[in-house]
Amino acid sequence: LYLKALEIQGFKSFPDKTVLTFGEDITAIVGPNGSGKSNLSDAIRWVMGEQSTRALRGGKMEDVIFGGTEKRRQVGFAEVSLVLDNQDHALSLPEDEVMVTRRYYRSGESEYYINRRTVRLRDVNELFMDTGLGREGYSIIGQGKIDEILSVKSADRREIFEEAAGISRFRHRKEEAERRLERTEENLVRIRDKIDELE
Ligand code: ATP
């Protein structure tokens with residue numbers, strides 16, 4: 001599993017369609033301050049489902065859309081696609097190449113695609129869960145992240161290890177099942193009350 005390409009259009013400082021292709025080896029991105037290097041890692045975070053505007057270094061989600069410059073008008077939507085080589089099938093999809101796309105309009109509408117099929121954010125999250133990628137993953141180490149890992153509460157640190165060990169998918173499912181169970185139990189109590197009333 002490796003990142004093959006990143007396609008960006010209308011995202012932060014990239015109004016035009018920009019395609020970056022990567023090999024299996026190390027790639028370094030260099031450029032002067034403010035030239036958009038961090039915007040590229042923001043784009044990767046964003047397409048993998050990041051919902052926190054703070055993590056994306058903005059105030060509101062609209063800030064990810066190219067906002068215009070003196071010379072250029074703003075654009076109406078941002079779109080980022082991530083192309084991953086999946087020949088090892090680390091992502092549980094049959095395809096050897098997986099493209100994940102996120103689009104966001106100024107109106108607030110969001111769209112997600114996996115291999116050009118419309119999906120929900122949840123599907124994107126599930127695709128990346130336990131792969132080490134994804135918004136809870138540890139594949140992107142931002143500035144200050146190491147300090148954070150060293151200083152967070154032990155429960156939070158455990159989450160990082162759970163993701164690395166590939167068991168967070170099960171924890172999420174367990175939590176969901178527990179919530180459903182709780183709701184069902186509440187319903188049962190209500191039904192018993194009704195039966196008592198009727199008897
Ligand atoms: P540094 O080395 O200082 O960290 P960098 O190369 O990582 O710089 P970025 O932080 O990625 O740079 O890019 C910042 C630039 O992106 C700024 O010039 C900012 O104006 C521009 N920018 C961010 N969001 C938008 C947006 N929504 N529309 C237009 N430009 C944007």
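Biologist: Why is Arg116 called exposed?

Modeller: Arg116 has 8 C-beta neighbours inside 10 Å. Because its count is 8, Arg116 is exposed. Keep in mind that this is a predicted model, where local features need pLDDT of at least 70, side-chain atom pairs count only at pLDDT 80 or more, and totals for chains, interfaces and linings use all residues. Residues are numbered from 1 along each chain as its sequence is written.

Biologist: Where does Arg116 lie?

Modeller: In the loop between strand 5 (110-114) and strand 6 (117-119). Helices (H or I, at least four residues) and strands (E, at least two) are DSSP runs, numbered from the N terminus.

Biologist: What is the phi of Arg116?

Modeller: About 70 degrees, a positive value although Arg116 is not a glycine. Most residues other than glycine have a negative phi. Lys12 has a positive phi too, near 45 degrees, and sits in the loop between strand 1 (2-9) and strand 2 (18-21).

Biologist: Why does Lys12 count as buried?

Modeller: Lys12 has 23 C-beta neighbours inside 10 Å, so it counts as buried.

Biologist: What is Asn39 in contact with, leaving aside its neighbours within four places in sequence?

Modeller: Asn39 is in contact with Lys12, Ser13 and Phe14; two residues are in contact if their C-beta atoms, placed from the backbone, lie within 7 Å. Asn39 is found in helix 1, and because it has 18 C-beta neighbours inside 10 Å, it counts as partly exposed.

Biologist: Which residues come nearest to the ligand?

Modeller: Of the 14 residues around the ligand, Asn33, Lys37, Ser38, Asn39 and Gly67 come nearest; a residue is near a molecule if its C-beta atom, placed from the backbone, lies within 6 Å of it. An unreviewed UniProt entry lists residues for "binding site", including Asn33, Lys37, Ser38 and Asn39.

Biologist: What makes Asn33 exposed?

Modeller: Asn33 is exposed because it has 5 other C-beta atoms within 10 Å. Asn33 is found in the loop between strand 2 and helix 1 (37-47).

Biologist: How do you know that helix 5 lies largely in the open?

Modeller: Of its 31 residues, the number buried is zero, so helix 5 lies largely in the open.

Technical notes. A residue is buried if 20 or more other C-beta atoms lie within 10 Å of its own, exposed if 12 or fewer, and partly exposed in between; C-beta atoms are placed from the backbone. UniProt positions are given in the numbering used here, feature names are shortened, and annotations may be inferred rather than shown by experiment.
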